[in-house]
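Good morning, colleagues. Please take a moment to look at the sequence and the structure, which I shall then go through feature by feature.

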Amino acid sequence: MCDELFGADRIDRLQDEMGSGTLTVLNAVTPVDELMAGRASVARSWEPGSEAHYANTSHPCDLGIAGTSKRFSSYVSWSVDSPKDIEAGDAGKGWQSVGHGIHARREDGGLRVTVVIPCKVEGSHKDQEAELPLEVETEVRNVPGFDTKLLGQMTAQFARELADGLPCVNGPTVPGEL
């Protein structure tokens with residue numbers, strides 16, 4: 001699952017960054033096709049004004065080194081903030097446009113990356129793309145000196161895999177690094 005979403009080479013590099021010990025999956029693994037089907041189902045059932053999607057967050061790949069507090073976490077959800085909210089500043093500070101209506105924010109010294117992607121799911125409400133974008137987040141905790149460039153690459157790969165797998169019929173172009 002983690003290799004499929006982030007790429008085996010990036011998971012190997014994550015292992016190197018995390019230091020000694022064996023990288024272990026810390027959560028129950030949901031197959032990628034089930035993850036995509038669940039995301040698409042929520043988007044198709046969404047109606048303007050509905051808040052049911054807020055509680056629908058998945059953690060498809062959480063990794064750690066046994067016996068330590070070193071952690072890598074990933075999250076995917078349908079965003080509570082629309083791109084319009086982000087552009088207006090109503091979604092907090094730190095958001096940057098990375099092109100094609102996609103916005104990214106780095107927090108915690110670059111060790112937490114969030115990206116919001118307009119993603120139109122076939123069969124969803126006509127306003128879904130504009131009001132219910134896909135939100136992807138990765139985070140590293142308790143790993144001093146972690147390569148934030150690697151985290152940006154992992155987040156971008158994760159976002160591309162999700163956008164392609166849903167599939168987002170509007171074809172969002174996620175940059176190679178966030």
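This is a predicted model: local features need pLDDT of at least 70, side-chain atom pairs count only at pLDDT 80 or more; totals for chains, interfaces and linings use all residues.

Where is N142 found? N142 is found in the loop between β7 (134–141) and α6. Residues are numbered from 1 along each chain as its sequence is written, and side-chain values use heavy atoms, with hydrogens and water left out. As for the element names, helices (H or I, at least four residues) and strands (E, at least two) are DSSP runs, numbered from the N terminus.

Let me stay with the backbone. N142 has a phi near 65°, a positive value in a residue other than glycine. With a relative accessible area of 48%, N142 is partly exposed; here buried means under 20% relative accessible area, exposed over 50%, and partly exposed in between, using a 1.4 Å probe and protein chains only. H100, which is not glycine either, also has a positive phi, near 60°. H100 sits in the loop between β4 (96–99) and β5 (102–107), and its relative accessibility of 59% makes it exposed. A further backbone feature is the cis peptide bond from L166 to P167, with omega near -20°. P167 belongs to the segment after α6.

I turn now to the disulfides, a disulfide being a pair of cysteine sulfur atoms within 2.5 Å. By this rule there are two disulfides. C2 and C61 form one of them, with their sulfur atoms 2.0 Å apart. The torsion about their S-S bond is about 110°, so this disulfide is right-handed. C2 lies in helix α1 (residues 2–6) and C61 in the loop between α3 (32–45) and β2 (63–65), so the pair ties together parts 59 residues apart in sequence. Both C2 and C61 are buried.

Another disulfide joins C119 to C168, at an S to S distance of 1.9 Å. The link of C119 and C168 is left-handed, with -95° about the S-S bond. C119 lies in the loop between β6 (112–117) and α5 (128–131), and C168 in the segment after α6 (148–165), so that distant parts of the chain, 49 residues apart, are linked. C119 and C168 are both buried. With the bonded cysteines numbered in sequence order, the pairing reads 1-2, 3-4.

How do helices α2 and α6 pack? Helix α2 (residues 8–18) and α6 pack at an angle of about 150°, with their axes 11 Å apart. Axes are lines fitted to C-alpha atoms, for helices over the stretch in contact, and angles run from 0 to 180 degrees between N-to-C directions. The contact, meaning heavy atoms within 4.5 Å, is made by R10, I11, R13, L14 and E17 of α2 and L150, Q153, M154, Q157 and R160 of α6.

Finally, consider R39 in helix α3. Is R39 buried or exposed? R39 is buried, with a relative accessible area of 2%. Leaving aside neighbours within four places in sequence, R39 is in contact with residues including N56, S58, W78 and L166. The C-alpha atoms of R39 and S58 are separated by 9.0 Å, while the two residues are 19 residues apart along the chain.
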